[in-house]
Amino acid sequence: MSIYCTIATMALETGLSKEVLRKWEERYGFPVPERDASGHRVYAEQQMIRLKLIKRLIDAGLRPAQVVPLDEAQLQSLLPAPGNWAPAAHVNTQVVADLMRLLYARHRLSLAMRLRQEITQLGLEKFVLEVMSELNDQVGAAWERGEIGIRDEHMYSEVIQGVMREHISPVARPDGQPCILVTTPDGELHTLGILMVDALVSLYGASCISLGAQTPLEEIPHAISDYHADIVCLSFSAAFPKRRILPLLKVLRNIVPKSVEIWIGGAGAIGLDRSPRGINVLLTLPELIDALHKYRRRSVAGSRANAIVAGEAVSGIARALPGNVNITAQ
């Protein structure tokens, strides 16, 4: 027989406020309450175990979007041995706090001006790595706590997208290599992830073709052909149903040419049940930059190997020809 507890008890035992529990229920579908005879929320006691794991991981530096959607086994897998937490990436906490204050005050023009100022001072790469990633998380967390509304979240998204595109445009490389196609699948509305990818790969000399949000899978092979893409990069937010990701990637891998790599990232990619075959899972933005460097090294090595094979083939033909025939590699 299941044991149930009230939302007040759940909040007391887990250290998570009632407001946070309600917001997570709305945003992530967890925790899952039932109703008592008076219509009040009550929770199966088993959910408390999962919530305590989530609280531990959040206290250790992970964000709600990264952990709330995960089941108990996935959460357990993220708990390292004591003292083995990796150091968090550097975050410019003062800048993030200042930007959040402007958002809370709904100073839209001041927010846009300060974002432009920080990008200019820090540079686009440091802004994305040290400010924007954390700022996105802070905005989501503020919504979860009920401190801002969806309207505020949407305003922030529109402002930062506009400012970011202003700064990506001058560094975009239409002829860069490799050519990376970035998008989200059907049902994934969040585009800030692909915006950050666009900024970073452009800075590192790649050509980025952004298709925006919700590209149907059957359209992706056509886009690869049209734009001569070398890599497809998909972004998944924590709000995207995790059960859909692996089947979706399996279909995509089957319809995309084997020579084209598939990269995925975002909070939704954290805690996948298993590593999808033929898919490169990148859980952080520095991993994206590293993957780009590795791709280029593989490409250079492949080109050298092909040149050696071609040279040996020409030499073999030359040796087989009569002595009065001269052949050179073109």
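Predicted model: local features only at pLDDT ≥ 70, side-chain atom pairs only at ≥ 80, totals over all residues.
E2 is joined to strand E3 (residues 41–44) by two bridges, and the two strands run antiparallel. Within this pairing, glutamate 34 has valine 42 in E3 as its bridge partner.

A second open sheet contains five strands, in the order E5-E4-E6-E7-E8, and its pairing is parallel. Strand E5 (207–210) and strand E8 (279–282) stand at the edges with a single partner strand each, so one side of each has no neighbour in the sheet. On average, neighbouring strands of this sheet are turned by 25° against each other, direction ignored. Helix H10 (residues 192–203) packs on this sheet and touches strand E4 (179–183), E5 and E6; the direction of H10 makes about 160° with that of E5. Another helix, H12 (residues 242–255), lies across E6, E7 and E8 and runs at about 160° to E7.

The pairing can now be followed strand by strand. Strand E6 (residues 231–235) and strand E7 (residues 261–265) are paired in the parallel sense over five bridges. Valine 232 has isoleucine 262 in E7 as its bridge partner, and serine 235 stands opposite glycine 265 in E7. How many of the five residues of E7 are buried? Four of them are, and E7 is thus described as mostly covered.

The interior is the next topic. In soluble globular proteins, nonpolar side chains tend to be buried together. In this model, the largest nonpolar core has 50 residues, and those with the most contacts inside it are Leu115, Ile160, Met164, Ile180 and Trp263. Two or more residues come from each of several elements, including helix H6 (93–104), helix H7 (108–122), helix H9 (150–168) and helix H13 (285–320). Helix H8 gives the most to this core, with nine residues.

The cysteines raise a separate point. A disulfide is a covalent bond between the sulfur atoms of two cysteines. How many disulfides does a search of the whole structure find? The search finds zero. Cysteine 233 shows why a bond is absent at its position: its sulfur is 8.0 Å from the closest cysteine sulfur, which belongs to cysteine 208, and this is too far for a bond. Cysteine 233 is buried, because its relative accessible area is 7%. Cysteine 5 is buried as well, with a relative accessible area of 10%.

Two further residues complete the description. Is threonine 191 buried or exposed? Threonine 191 has a relative accessibility of 16%, and therefore counts as buried, since the limit for a buried residue is under 20%. Threonine 191 is found in the loop between E4 and H10. Leaving aside its neighbours within four places in sequence, threonine 191 is in contact with Gln161 and Ala213. Glutamate 166, by contrast, has its place in helix H9, and counts as partly exposed because its relative accessibility is 39%. The C-alpha atoms of glutamate 166 and arginine 116 are separated by 9.0 Å, although these residues are 50 residues apart along the chain.

Notes:
Residues numbered from 1 in each chain as written. Heavy atoms only, no water. Pairing = 2+ DSSP bridges. Helix = DSSP H or I, 4+ residues; strand = E, 2+ residues; numbered from the N terminus. Axes fitted to C-alpha atoms, helices over the stretch in contact; angles between N-to-C directions. Contact = heavy atoms within 4.5 Å. Disulfide = S-S within 2.5 Å. Buried < 20%, exposed > 50% of the residue type's maximum accessible area, 1.4 Å probe, protein only. Core = buried A, V, L, I, M, F, W, Y, C linked by side-chain atoms within 4.5 Å.
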